[in-house]
Amino acid sequence: MLAQSPLAALCCDPVLSGPLPEQEAEELAAGLRVLADPVRLRILGMVRQAPGHRARTADLAGRLGVTQPTVSHHLGQLHEAGFLARERDGRQTWYSVVPASFEAVRQVFALDGDA
């Protein structure tokens, strides 16, 4: 089952349109904390640009120059937050970006007329 991004529930109510309720602010902050890591941002870009828009942990570790356990940790964080989908194929685990999560990010920060 795919986790829902903390930002997905906020997709249609831009932050700058008015006061943000405390609970929504907490959820937004949690989602943004997941994204606010340079390694995770690099992983997202690499997965998106990979053939078929999916990548394996080992492939990412080699390209990032970090250990496989470190990449696994970051992939787990991105998956748990709903930004990456995970698919097992035998002994391999493939990750792909969940586009809807990023549409929510775009809409959260939409200025008047941009949503």
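Helices (H or I, at least four residues) and strands (E, at least two) are DSSP runs, numbered from the N terminus. The model is predicted: local features need pLDDT of at least 70, side-chain atom pairs count only at pLDDT 80 or more, and totals for chains, interfaces and linings use all residues. Residues are numbered from 1 along each chain as its sequence is written, and side-chain values use heavy atoms, with hydrogens and water left out.

**View 1. His 53 in the loop between H2 and S1.**
The phi of His 53 is positive, about 60°, although this residue is not a glycine. Most residues other than glycine have a negative phi. His 53 has a relative accessibility of 42% and counts as partly exposed; buried means under 20% relative accessible area, exposed over 50%, and partly exposed in between (1.4 Å probe, protein chains only).

**View 2. The salt bridge between Glu 87 and Arg 54.**
A salt bridge is a side-chain nitrogen of Lys or Arg within 4 Å of a carboxyl oxygen of Asp or Glu. The search of the whole structure finds 2 of them. In the pair shown here, the closest N and O atoms of Glu 87 and Arg 54 are 3.6 Å apart. Glu 87 belongs to strand S2 (residues 84-89) and Arg 54 to strand S1 (residues 54-56), so the pair ties together parts that are 33 residues apart in sequence. Glu 87 is partly exposed at 45% relative accessibility, and Arg 54 is partly exposed at 28%.

**View 3. The salt bridge between Asp 59 and Arg 56.**
The closest N and O atoms of Asp 59 and Arg 56 are 2.8 Å apart. Asp 59 is partly exposed, with a relative accessible area of 33%. Arg 56 also counts as partly exposed, at 22% relative accessibility.

**View 4. Helix H1 (residues 22-35) and its buried side.**
H1 has 14 residues and spans 20 Å from its first C-alpha to its last, close to the 20 Å expected at 1.5 Å a residue; the expected span is 1.5 Å times one less than the number of residues. Leu 28, Gly 31, Val 34 and Leu 35 are the buried residues shown in H1. They cover an arc of only 120° around the axis, which puts them on the same side of H1. The arc is that of the directions from the helix axis to the C-beta atoms. Exposed Glu 22 and Arg 33 sit on the face of H1 turned away from its buried side.

**View 5. Arg 40 in helix H2 (residues 38-49).**
Arg 40 is buried yet has no salt bridge. Its nearest side chain of opposite charge, that of Asp 37, is 4.7 Å away; Lys and Arg count as positive and Asp and Glu as negative, while His and the chain ends are not counted. The side chain of Arg 40 does make a polar contact with the side chain of His 74, at 3.0 Å. A polar contact is a pair of N or O atoms within 3.5 Å; within protein, one must be able to donate a hydrogen and the other to accept it, and residues adjacent in sequence count only if both atoms are side-chain atoms. Not counting residues up to four places away in sequence, Arg 40 touches Arg 33, Val 34, His 73, His 74, Gln 77 and Leu 78, where contact means heavy atoms within 4.5 Å.

**View 6. Helix H4 (residues 68-80) and what covers it.**
H4 has 13 residues and reaches 18 Å between its first and last C-alpha, close to the 18 Å expected at 1.5 Å a residue. Val 71, His 74, Leu 75, Leu 78 and His 79 are buried in H4. They cover an arc of only 135° around the axis, which puts them on the same side of H4. Pro 69 and Glu 80 are exposed on the other side of H4. The cover over the buried residues includes H1, H2, helix H3 (57-64), S2 and strand S3 (92-97). After H4 comes Gly 82, with a positive phi near 90°.

**View 7. Thr 57 in helix H3.**
Thr 57 is buried, with a relative accessible area of 12%. Neighbours within four places in sequence aside, Thr 57 is in contact with Gln 68, Val 71, Ser 72, Leu 75, Thr 93 and Tyr 95.

**View 8. Ser 96 in strand S3.**
Ser 96 counts as partly exposed at 24% relative accessibility. Its contacts, leaving aside neighbours within four places in sequence, are Val 47, His 53, Arg 54, Phe 83, Leu 84 and Ala 85. The C-alpha atoms of Ser 96 and Met 46 are separated by 9.9 Å, and these residues are 50 residues apart along the chain.
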